[in-house]
There are 4 protein chains.
Amino acid sequence: MTQIDIGCSLVYDIKRPTVLLLKIAASWTQHQIVNNESLTSSPVLNIETCQIGPDGNRLHRLVVDPCRLTLNYQASAELTPGIERTGDIRESLPAEMPPDVLTYMNPSRYCESDLLGRFAFEEFGHLSQGYVRVQTICDWVHDHLEYTPGSTNSMTTASDVLLQRTGVCRDYSHLAITLCRGVGIPARYISGYAVDLEPPDYHGVMEAWLDGQWYLFDPTRIASTLGLVRIGMGRDAADVAFATITGTATLIEKKVWARSPNDQLSTANNPAVSTA
Amino acid sequence: MTQIDIGCSLVYDIKRPTVLLLKIAASWTQHQIVNNESLTSSPVLNIETCQIGPDGNRLHRLVVDPCRLTLNYQASAELTPGIERTGDIRESLPAEMPPDVLTYMNPSRYCESDLLGRFAFEEFGHLSQGYVRVQTICDWVHDHLEYTPGSTNSMTTASDVLLQRTGVCRDYSHLAITLCRGVGIPARYISGYAVDLEPPDYHGVMEAWLDGQWYLFDPTRIASTLGLVRIGMGRDAADVAFATITGTATLIEKKVWARSPNDQLSTANNPAVSTA
Amino acid sequence: MTQIDIGCSLVYDIKRPTVLLLKIAASWTQHQIVNNESLTSSPVLNIETCQIGPDGNRLHRLVVDPCRLTLNYQASAELTPGIERTGDIRESLPAEMPPDVLTYMNPSRYCESDLLGRFAFEEFGHLSQGYVRVQTICDWVHDHLEYTPGSTNSMTTASDVLLQRTGVCRDYSHLAITLCRGVGIPARYISGYAVDLEPPDYHGVMEAWLDGQWYLFDPTRIASTLGLVRIGMGRDAADVAFATITGTATLIEKKVWARSPNDQLSTANNPAVSTA
Amino acid sequence: MTQIDIGCSLVYDIKRPTVLLLKIAASWTQHQIVNNESLTSSPVLNIETCQIGPDGNRLHRLVVDPCRLTLNYQASAELTPGIERTGDIRESLPAEMPPDVLTYMNPSRYCESDLLGRFAFEEFGHLSQGYVRVQTICDWVHDHLEYTPGSTNSMTTASDVLLQRTGVCRDYSHLAITLCRGVGIPARYISGYAVDLEPPDYHGVMEAWLDGQWYLFDPTRIASTLGLVRIGMGRDAADVAFATITGTATLIEKKVWARSPNDQLSTANNPAVSTA
């Protein structure tokens, strides 16, 4: 078991009545227990908690009048990821995938797997199937992109990244997801808090459906998958934006943190991790 | 109540073991009762029926060895759409939308509402809110596009259509969905059978979330919304492709039909229809 | 006659042997006399001057070994633009355009007039022809875009801008050029120095071919067309980048200026100006 | 010397007064002598011949009233291409390229070398320079694309092709041009007649600037470069469309032919050919 203390502090300048949807709270799953959680606002406002779908995703909704709004979130997560020998993990057959998983084969806003299907098949279609193929895709993404903050924006897609060869964690994961779908492996986007991320921010990684469950991968290699506290999952980053604003809100300040009091987490020799 | 007899016949040439996912069966909803339904294959194969999500969407899955495969689907649908006075239908506030509906505000593969948000807001942001605003968006789409079979393909997006100004039913609906999301109205894609469609094919329309429920719109005006038998719904056409193939299957023949034995359905004066 | 003193100062950090192509010198045309011109480098290097095409465009080429390179350009330009009554200026017929002008009807890198042809025709095809139609296009561009530094980059195209509705001078001109070509009016991009530009930088405007000659337009309205000292012209910004680098050069500092010692130039009531 | 008999027959339905710009006539160059040339129309119309630029490109312009228009072009070309040993052909340095050649380093409508520069550099930047590098790029294009008529259209760009991995001659050449520019080699598009093309049509190939002159390459390998009769050259296909129409003209029939009465031309072992 790994304990991770997480939190964030957001300050907004609100100019007119605004609805804020926040996806910043750790999700509750079989592998992730959330303790000592608090989400507070100043000024004090009613914060509605919504459960989205069957996977433990949560959303907080606030209706805010013009003000300087400060939000503070903190929690402590206990992670007990399933850890397995990667060599034994095969791919699932389309005939045996649950219907809800089939959805993660569809192309999505930032993961145009229809457009990149031929490329994926040409590059990765002939490889041995299983965990190792997803790992090969993530390695390819890692080796062919240059991690360059500011080189992409919120509308950058996997095909943009494949052409430009630069991006950040969001872009790395989008490309890996797209290439997995392109060879017939369901894949989805995970937002979360990551220990020791530098500079500190929310993190974006991906999961692939293999052998009947979801496995976590981080094509950036900038944080340990053993130290990831999951916020939410979706088809791509469009589903897990940390804040969606209807109205007018300017983000003035954002602090994000994740600390592991006891453990030393390494990005080397990441094992196969199932967390969902 | 309107009765519609629907069906389709698909012939595939299957070259190697293939998994077929079909989305061709009418969904079961409060407003749509499905009778005398049959889906048969020749050669006779096991056809698995999967329920997807809570909205009555169904999927049929077949594992097929090399052969000439013929699929026949038929059913009779009883439609009892809710019909309302359009003037009274207001927009829902973001603060009161159910979490599952909020998902339909996100940009998706063919509906890049993030990219077109400013355009939508500039063109439609100042209009009176309510059913009439969605109708105005659909009218704008109808008036600014030219219905041109062959001018688009399966990867054409709403922004492509906005620039090129041509498309088919799928493209009209994608653009209308995108513009609705752009002004803050949840919207989704509906596939179905439409009476009197010429040439006969599956149809694609859209729904907008207004005043606490979904309302149906057809920006093409080529069929009556009162004669639409719903197959499925999703964020855009990526979610409701009539066939998804893993393997090698060539479509040899496709026939689609929808007939209303008793009624005369008109595309003029379409009322406000809630069907979901 | 208007006299404008122009100049720029560029500092580069050169890491390995590099070839620099500079397009920063005022061109020599019938309407623009260049006096007291100097281009110097520190360290002192051989600077080759190339004439490009028949229109007075010039290019300076330097081969540079690793160093801190400072370039200083200055000149004084005497402008005698042709000024005309706009009402009398008609459009040229395709049958009478010189072959070299026909080239400016072709789509180019940042001006996809093939893609936006239908949009242009729908929006501006029915208008009265002549100078007034180009002015209407420039007004439309001005009114529908928001001038937002940082919202676009060096790869942003006219269709991007049409969708996103934001940009800078380069983007405004690209969109106006594209829309002109879309309705059959040859149009091209002009880089230059503009008096009173705030913040000071190179400027980008456009020219349309009307009634047998080129007329200058500035859809941004941020500087007077009477105070524009032309550097070069091309199909779009791809042809007139102020610096093209083969090797490795980092721009450390850029200063650009243009001053009119005697005149007061106004952006109001800009007359029809032919400068080429 | 190779003699090639070429020609084409075009039939248009003209609905209203229309201006046709044709680029179908063989160009006159040092390596290509054109004999027995005729271009006739029925009904008989005035056909204006325009010279474009200094490279022997020609354009024919017709003003046509409503009619059924038939155009017949034929000529006989004598080709004496320069043939060289490929191993000796080096790349030119940017410092020594003529200014007019530098233009072919710029990105253009269908060849977004700015967008694909990093990809080109990563894939081909480290290779030995010279003729062999351009040949490697053409081989890569040949090996990674599938020749699929109908998979692209007149607006498809090199980056589209790089993602989709299918195309026709135009697309193969656009991608090869883009990748050459991406590693610093000037490259341009050539339209022409090709002996033994199947099905018969105009052909599109490319030229790269090496060692002080242009060399011809055909990444499709579907015709011999020794049997290419050049029509025109440009930055990409935008510059050499065989017909540009202002008005309304529907192409009813198109026949294109190129025959070599005496020679057997092979696509195997194509030598290095300079033709311009």
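**Entry 1: chains C and D**

I superposed chain C on chain D and got an RMSD of 0.0 Å, with a turn of 180 degrees and a shift of 0.0 Å along the axis. That is the relation of a two-fold axis. The superposition is by least squares on the C-alpha atoms of residues with pLDDT of at least 70 in both copies.

I note that this is a predicted model, in which local features need pLDDT of at least 70 and side-chain atom pairs count only at pLDDT 80 or more, while totals for chains, interfaces and linings use all residues. Residues are numbered from 1 along each chain as its sequence is written, and chains are lettered from A and ligands numbered from 1 in the order in which they are written.

I looked for the residue of chain C that comes closest to the rotation axis; it is R109(C), whose C-alpha is at 1.9 Å.

I then listed the contact between the two chains: 25 residues come from chain C and 25 residues from chain D. Contact here requires C-beta atoms, placed from the backbone, within 7 Å. On the side of chain C that touches chain D, two or more residues each come from β1 (2-22), β3 (48-52), β4 (57-64) and α1 (99-102) of chain C. Helices (H or I, at least four residues) and strands (E, at least two) are DSSP runs numbered from the N terminus. By class I find 14 nonpolar, 6 polar and 5 charged residues on that side of chain C. Nonpolar covers Ala, Val, Leu, Ile, Met, Phe, Trp, Tyr, Cys and Pro; charged covers Asp, Glu, Lys and Arg; the others, Gly among them, are polar.

The copies meet through the same surface, because 100% of the interface residues of chain C are also interface residues in chain D.

**Entry 2: a hairpin in chain C**

I checked strand β10 (residues 202-210) of chain C, which pairs with β11(C) in the antiparallel sense over 5 bridges. Pairing needs at least two DSSP bridges between the strands. M206(C) has F217(C) in β11(C) as its bridge partner. The hairpin has 2 residues between the strands, and D211(C) takes a positive phi near 55 degrees.

Strand β11(C), residues 213-217, is mostly covered, with 4 of its 5 residues buried. A residue is buried if 20 or more other C-beta atoms, placed from the backbone, lie within 10 Å of its own, exposed if 12 or fewer, and partly exposed in between.

I counted 25 residues of chain A in contact with 25 residues of chain B. The elements of chain A that give two or more residues to this side are β1 (2-22), β3 (47-52), β4 (57-64) and α1 (99-102).

Chain A and chain C share no contact, and their closest C-alpha atoms lie 10 Å apart. Chain B and chain D do not touch either, with nearest C-alpha atoms 10 Å apart.

**Entry 3: chain A by itself**

I counted 5 helices and 14 strands in chain A. Buried residues make up 47% of its 276 residues.

The domain assignment, automatic or from a database, gives domain 1 (2-80 + 243-259) and domain 2 (85-236) of chain A. Their C-alpha centres lie 25 Å apart. The contact between them joins 18 residues of domain 1 to 15 residues of domain 2. On the domain 1 side, β13(A) gives the most, with 4 residues.
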